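Subject: Structure handover

Hi,

Here is the structure I promised to pass on. Have a look at it first, and my notes follow below.

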Amino acid sequence: MEQTHPMVEVTNLKKYFKTKRGMLHAVDGVSFTIRKGETLGLVGESGCGKSTLGRVMIRLLDATGGEVKFWDEDILTYSPRKMKDMRRKVQIVFQDPYSSLNPRLSVSELIAEPLLVNRVYPSAAERNRKIGELMDTVGLARRLMNAYPHELDGGRRQRIGIARSLALSPEFIVLDEPVSALDVCIQAQILNLLNSLQKQFGYTYVFISHNLSVVKHVSDRIAVMYLGKIVELSDYKSLFVEPLHPYTQALLSAIPLPKFGKKRDRIILEGDVPSPIEPPEGCRFQGRCPYRQDVCKEKTPELRELEPGRFVACHFARALVPAPRK
Amino acid sequence: MEDKKLLLDIQDLSIHYVVESGTVHAVEHLNLSLAPGENLGFVGETGAGKTTTALGIMGLVPNPPGKVVSGKILFEGEDLLKKPEEQMRSIRGGKIAMIFQDPMTSLNPVITVDKQIAEMVLLHNDVTEQQALERAEEMLELVGIKRERARDYPHQFSGGMKQRVVIAIALACNPTLLIADEPTTALDVTIQAQVLELMHELRRKINTSLIMITHDLGIVAEMCDKVAIMYAGKVVEYAPTEALFTHPGHPYTEGLFNSIPDLDSDEEELKVIQGLMPDPTNLPSGCTFHPRCPYAVEACSKDVPPMVEIEPGHFVACPVRGKPYLHLGK
Amino acid sequence: MNEQTEKNIGQSQHGLREIFKRLSRAPLAMIGLAIVVVLVFTAVFADYIAPFGYADQDLMAAFEEPSKAHLFGTDEFGRDIFSRIIYGSRISLQVGFIAVGIAVFAGGFLGAIAGYYGGKADNLIMRAMDVLLSIPSILLAIAIAASLGPGLFNLMIAVGISSTPNYARIVRGSVLSIRNQEFVEAAKAVGSSDLRIILKHIIPNCLAPIIVQATLGVAIAILTAAGLSFIGLGIQPPIPEWGAMLSGGREYIRDYAYMTVFPGLAIMITILALNFLGDGLRDALDPKLKR
């Protein structure tokens with residue numbers, strides 16, 4: 001471990017939305033760090049807040065509270081001007097390759113956008129040269145420069161999105177479900193691309209996904225989210241070998257394995273994900289947790305470091321006792 | 001397989017869509033069969049033709065622009081393609097039921113769930129409305145929904161529960177065959193687990209054969225006895241599940257397995273299949289997979305490969321890799 | 001997706017050519033387009049096409065029936081009706097396009113602000129539009145024209161203002177639906193300013209409904225102008241506005257019906273053509289109707 005100081009430090013980040021039925025706690029006090037060059041996987045099911053977290057981290061959405069420090073500076077306090085400069089270093093790739101590209105712009109215009117907005121190259125010739133380079137980097141044939149998104153398949157569109165995010169030579173990229181909308185074979189191509197880009201340019205990634213196998217493949221560390229909170233955070237190996245939080249255990253056991261004969265003891269969670277609006281006190285997961293005790297309803301468990309690098313938010317981690325059946 | 005009476009026997013089915021830019025060969029000379037009580041996994045990526053095949057079985061291919069160009073679909077010995085619409089209507093829901101991917105749009109938002117199930121019952125059975133509603137409540141219990149919720153509207157249920165209602169509707173008339181088109185794709189992983197668990201349970205209780213259309217090989221491994229892999233309108237491999245997972249024959253199947261990140265191992269790079277699915281209005285000559293196949297030889301671009309039985313019950317359409325008992329040499 | 005358009009990529013008939021191709025599938029729309037083209041041609045080259053000036057009086061030849069010399073006959077001042085119809089096309093088209101132009105820009109601007117920023121701005125603007133909309137548009141146009149005074153220019157303003165709320169609504173609706181698309185977020189993520197996002201990303205994607213409404217709007221503007229001139233507001237004689245010609249011919253309708261028939265036909269054909277064209281454009285521009 002060369003550097004001890006993390007590149008990104010998120011502390012108690014909160015994002016609440018006002019709705020008619022009350023405050024929606026989309027992200028509810030999330031803290032973690034990311035080192036330069038690593039990939040943090042953010043995993044969870046719908047409504048857990050992972051996409052919101054990704055957006056709040058780079059100030060596409062304004063936070064309700066907390067800090068997001070990049071290189072020791074809290075970007076949530078930046079002025080709009082400073083933030084615009086910051087945007088060159090932090091970028092995002094979106095999930096839907098269909099709605100994340102303006103249908104009226106050609107491939108080269110789409111990739112040129114960040115260059116134009118930030119006035120990176122004064123001359124069109126230089127700009128076009130850079131666009132060509134970017135297309136090569138992401139594996140888009142140069143002859144597609146004047147093509148429009150609707151003529152291309154999901155995989156190619158996603159490559160455009162990636163090229164666009166690389167245009168300003170960022171250091172940090174949020175990848176919001178970048179392969180979820182793609183077929184398996186194309187998905188593999190894009191995952192390989194992201195991997196090789198990271199090796200070549202040293203990007204730091206936050207990889208958001210609901211697909212655990214994909215997340216395991218790309219991440220160094222993984223944070224599991226449930227209802228706006230991180231319930232477990234550890235390196236990718238340990239998470240899968242010994243999941244500590246009951247939700248992580250259930251999540252892992254739920255994945256149908258593409259292997260014959262490997263039937264697992266599946267933990268079936270009862271009920272549905274509760275609403276993130278005005279959540280009650282206590283552990284968010286206790287309603288569906290097979291190990292719940294009385295204290296779980298009263299006290300909210302903090303995310304604590306059980307051993308170096310392994311964090312869990314559960315009162316009984318490593319001492320789970322099944323709750324008596326009603 | 002020749003002795004047992006087949007429940008479903010699709011022979012040489014071709015379905016084309018005529019669109020402005022050409023003719024889409026959605027399904028090309030498809031052969032598939034299903035024995036009674038079997039669960040078949042129907043696997044392929046977007047555009048392979050799986051849904052079109054399912055619609056073909058149900059007689060629901062939109063016409064225009066689609067049209068069944070050739071082939072037979074024998075269900076319990078009778079060719080569905082030759083049946084008049086009236087008879088098909090009684091078969092749909094009665095003997096063959098289908099559930100679709102998106103539970104949000106499969107249910108009518110302004111009718112209570114019990115009435116929606118009852119509607120299915122009334123269409124195919126000569127019973128009173130009261131009896132149908134009673135049956136509806138039974139079905140709800142069967143799929144794990146409390147009877148008290150029978151008079152709730154779809155929007156009052158979550159995604160997973162909606163899909164259970166959809167399953168209840170589909171099974172209400174005890175169909176012989178259930179076609180499920182990506183039933184859990186839109187659901188969260190833990191909810192998907194619930195629904196798959198339900199389907200396991202139902203399988204024990206009800207003797208309905210299942211065709212499970214999916215792109216998820218994990219679901220196939222869990223739920224299905226046999227698997228058919230579809231590519232560009234054709235079945236390229238057909239095998240019992242164990243055989244497919246332990247020694248797949250077709251290069252495309254191999255490629256599919258390589259593309260999925262393995263939860264148990266730690267590979268750096270995924271072995272990808274280069275290129276894209278072919279243009280369905282302009283399919284490659286010979287074997288449709290040959291432009292992307294790492295094992296292709298010259299003959300592959302000329303001859304359409306036949307399905308060869310490389311071991312009992314395991315068929316592969318590849319003369320290069322699908323050699324009988326090739327796997328025994330490994 | 002697949003390699004479907006490998007051969008066609010880059011030659012995408014985006015924009016005008018593609019639209020025209022789809023439009024050409026509707027015969028009525030093509031007829032409408034042809035008529036509009038003829039009208040524009042007539043308006044531009046009126047000086048060369050019209051045999052007489054629109055104000056040339058020849059009292060000796062008053063009330064003449066349609067003949068070889070005067071294709072549509074003459075009016076009470078001996079003015080050639082055919083020539084007046086020709087020049088009238090210039091007036092009508094001017095009013096139509098300029099009035100709609102005013103409405104599209106004013107309404108579009110207001111609608112974009114309302115849709116993009118929401119909140120108080122949205123409330124303020126749309127309630128103002130609601131007030132305008134609650135007044136029957138012809139009455140509104142009359143009120144504005146009456147207060148501004150006679151004249152072609154004031155007529156255009158009156159019609160323009162009374163049509164503004166429609167465009168504000170349409171643009172606001174489009175902006176609302178596009179504002180949440182991810183490509184707008186993407187533009188924000190690279191540092192685009194709000195103005196750039198509205199002008200470069202949102203408005204171009206709203207054009208379809210605006211174009212359709214504008215085409216039909218020209219028809220409405222022409223009709224409104226004709227109506228206003230009919231009741232004496234707006235155009236002052238001897239300017240040959242079709243509505244004014246209708247009005248002028250009213251008292252002679254029993255004996256000299258041709259004085260009203262031809263202007264009436266001109267109005268009707270123009271409106272019809274614009275309606276056909278507008279309907280055709282709506283279908284051609286609707287991406288969902290693409291098979």
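To start with chain C: how many helices and how many strands does its secondary structure come to? The count is 12 helices and zero strands. Keep in mind throughout that this is a predicted model. Reading along the sequence of chain C, you get α-α-α-α-α-α-α-α-α-α-α-α.

The C-alpha trace of chain C spans about 75 × 50 × 25 Å along its principal axes. Chain C has 291 residues, and 45% of them count as buried. I also looked at contacts in chain C between residues at least 6 apart in sequence: 70% of these join residues at least 24 apart.

There is a database label to go with this. An unreviewed UniProt entry carries the annotation "domain: ABC transmembrane type-1", which covers residues 89-278 of chain C.

Next, a helix pair in chain A. Helix H3 of chain A (residues 107-117) packs against helix H4 of chain A (residues 124-138) at an angle of about 115 degrees, and their axes are 10 Å apart. Angles of 65 to 115 degrees count as roughly perpendicular, so that is the description for H3(A) and H4(A). The crossing of H3(A) past H4(A) is right-handed. On the H3(A) side the contact is made by A:Ser108, A:Ile111, A:Ala112 and A:Leu115, while H4(A) brings A:Arg127, A:Lys130, A:Ile131 and A:Leu134. By type, the residues of this contact of H3(A) with H4(A) are five nonpolar, one polar and two charged.

Last, where chain A meets chain B. Here 31 residues of chain A are in contact with 34 residues of chain B. On the chain A side, the elements giving two or more residues are helix H6 (184-201), helix H7 (212-218) and helix H9 (246-254) of chain A. Which of them gives the most to the side that touches chain B? That is H6(A), with eight residues. The residues on this side of chain A divide into 16 nonpolar, eight polar and seven charged.

That's what I have for now.

Cheers

Note on methods:
Residues numbered from 1 in each chain as written. Chains lettered and ligands numbered in written order. Predicted model: local features only at pLDDT ≥ 70, side-chain atom pairs only at ≥ 80, totals over all residues. Axes fitted to C-alpha atoms, helices over the stretch in contact; angles between N-to-C directions. Helix = DSSP H or I, 4+ residues; strand = E, 2+ residues; numbered from the N terminus. Parallel < 35°, antiparallel > 145°, perpendicular 65-115°, else oblique. Left-handed = near helix turned anticlockwise from the far one by under 90°. Contact = placed C-beta atoms within 7 Å. Nonpolar A, V, L, I, M, F, W, Y, C, P; charged D, E, K, R; others polar. Buried ≥ 20, exposed ≤ 12 C-beta atoms within 10 Å, placed from the backbone. UniProt positions renumbered as here; feature names shortened; annotations may be inferred.
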